[in-house]
Structure formats: structure tokens, C-alpha cells
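Below is a protein model, followed by questions and answers on its strands, core, salt bridges and surface.

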Amino acid sequence: MTARLDAISLVVSDMAPSLAFYRLLGLDIPPDADNAPHVEAVLPSGLRVLWDTEEVIRSYDPSWTRPSGGERIGLAFLCESPDAVDKLHDTLVAAGHRTHLAPWDAVWGQRYAVVLDPDGMGVSLFAAA
């Protein structure tokens with residue numbers, strides 16, 4: 001049997017702000033999910049994104065602590081054009097989210113930006129230049 005990547009799981013400190021951020025990125029998340037301890041969204045590819053509060057993680061792993069330092073995983077959202085990268089970046093920043101890397105023309109041929117989600121995880125926005 002071959003394992004198949006089925007879901008990406010995010011541990012969040014506060015569900016509602018995290019879901020609001022990912023809704024701005026176009027994920028279809030039920031509006032009544034903001035107070036749930038666990039939320040799932042199915043992407044068009046069938047891959048799922050899961051959100052769990054820190055309390056949920058501690059309920060089965062009491063020794064779990066919030067990571068500190070650099071990231072080990074990141075999410076990257078393909079945009080339809082370089083202008084769409086800039087517009088989505090500006091939408092997220094206008095909604096109160098912080099820029100980590102403002103939109104720029106990357107040497108590898110993409111328009112690229114990184115915005116921090118409510119838990120400080122970098123989320124990349126990119127499009128072919």
C-alpha cells in the first residue's frame with residue numbers, strides 16, 4: 001500500500017482569525033466554523049486543510065508546546081497573474097495581516113510575496129512573471 005497525502009494540518013491559537021485569513025485566500029470554509037475546535041476544508045484537488053486549536057492538540061498530547069523560531073513548512077497560493085499577487089497581498093494587509101516579504105519580482109521568474117497568518121506562519125503568494 002502506498003500512502004497518499006490527504007491533508008495539511010494547521011495548529012492555531014485562535015480559530016476565528018485564522019479562518020478569516022484563509023477565507024481571504026479563497027478557501028471555502030463554513031461561516032459557522034469560527035468557534036469550532038476542529039475545522040476542515042476540501043480543496044478542489046481533494047486535498048484537505050485542517051485547523052485544530054492548541055487546546056485540541058494538548059488534549060491528546062499534553063506535552064505539546066507552541067513551536068518557536070523558524071518555519072518548517074509553508075503554504076503557497078498560486079495566483080492568476082503578477083497583478084493578482086499584488087492585489088491579494090494588499091487585501092490581506094488591509095485586513096490587518098502583516099507582510100513578511102512585500103511583492104517583488106523573484107529571480108526564478110515569479111511575482112512573489114509572503115504574508116503572515118494570524119499565528120505568524122508565512123504564506124506565500126506567487127504567479128508566473
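Q: How many bridges join β2 to β3, and do the strands run parallel or antiparallel?
A: This is a predicted model, with local features needing pLDDT of at least 70 and side-chain atom pairs counting only at pLDDT 80 or more, while totals for chains, interfaces and linings use all residues. Residues are numbered from 1 along each chain as its sequence is written, and side-chain values use heavy atoms, with hydrogens and water left out. Strands (E, at least two residues) and helices (H or I, at least four) are DSSP runs numbered from the N terminus, and two strands pair if DSSP finds at least two bridges between them. For β2 and β3 there are 5 bridges, and the strands run antiparallel.

Q: Which residues of β3 stand opposite E40 and V42?
A: E40 has L50 of β3 opposite. V42 has R48 of β3 opposite. The residues asked for are L50 and R48.

Q: Which residue in the hairpin of β2 and β3 takes a positive phi?
A: The hairpin has 5 residues between the strands. The positive phi is near 100°, and the residue is G46.

Q: How many residues of β3 are buried, and which strand runs parallel to β3?
A: β3 is mostly covered, with 5 of its 6 residues buried. A parallel partner is joined to β3 by 6 bridges, and in this pairing L10 stands opposite W51. That partner is β1.

Q: Which members of the largest nonpolar core touch the most other members?
A: A nonpolar core is a set of buried Ala, Val, Leu, Ile, Met, Phe, Trp, Tyr and Cys residues joined through side-chain atoms within 4.5 Å. The largest one here has 29 residues, and those that touch the most other members are L10, Y22, L25, I29, W51 and L125. Elements that each supply at least two core residues include β1 (7–12), α1 (15–24), β3 (48–53) and α3 (82–94).

Q: What is I29 in contact with, leaving aside neighbours within four places in sequence?
A: Contact means heavy atoms within 4.5 Å. I29 is one of the core residues that touch the most other members. Its contacts are L19, Y22, R23, V39, A41 and W51.

Q: Is E54 buried or exposed?
A: E54 is placed in helix α2 (residues 54–60). Beyond neighbours within four places in sequence, E54 contacts V11, V12, S13, W64 and R66. Because its relative accessibility is 6%, E54 counts as buried.

Q: Which residues are linked with D6 in a network of salt bridges?
A: A salt bridge is a side-chain nitrogen of Lys or Arg within 4 Å of a carboxyl oxygen of Asp or Glu, and by this rule the count comes to 9. R4 bridges D6 with the closest N and O atoms 3.7 Å apart, whereas R48 bridges D6 at 2.4 Å. The latter pair links distant parts of the chain, with R48 in strand β3 and D6 in the segment before β1, 42 residues apart. The network links D6 with R4, E40 and R48.

Q: How far apart are the closest N and O atoms of R111 and D86?
A: R111 is buried, with a relative accessible area of 15%, and D86 is partly exposed at 21%. The closest N and O atoms of their salt bridge are apart by 2.9 Å.

Q: What accessible area do L101, W104, V107 and W108 have together?
A: Patches are made of residues with over 30% relative accessible area and no salt bridge, with like charges joined within 9 Å and nonpolar side chains (Val, Leu, Ile, Met, Phe, Trp, Tyr) within 5 Å. V107 lies in the loop between β5 (99–105) and β6 and is exposed, with a relative accessible area of 80%. Accessible areas come from the Shrake-Rupley method with a 1.4 Å probe, and for residues only the protein chains shown count as cover. Together the four residues form a nonpolar surface patch of about 440 Å².

Conventions:
Buried means under 20% relative accessible area, exposed over 50%, partly exposed in between (1.4 Å probe, protein chains only).
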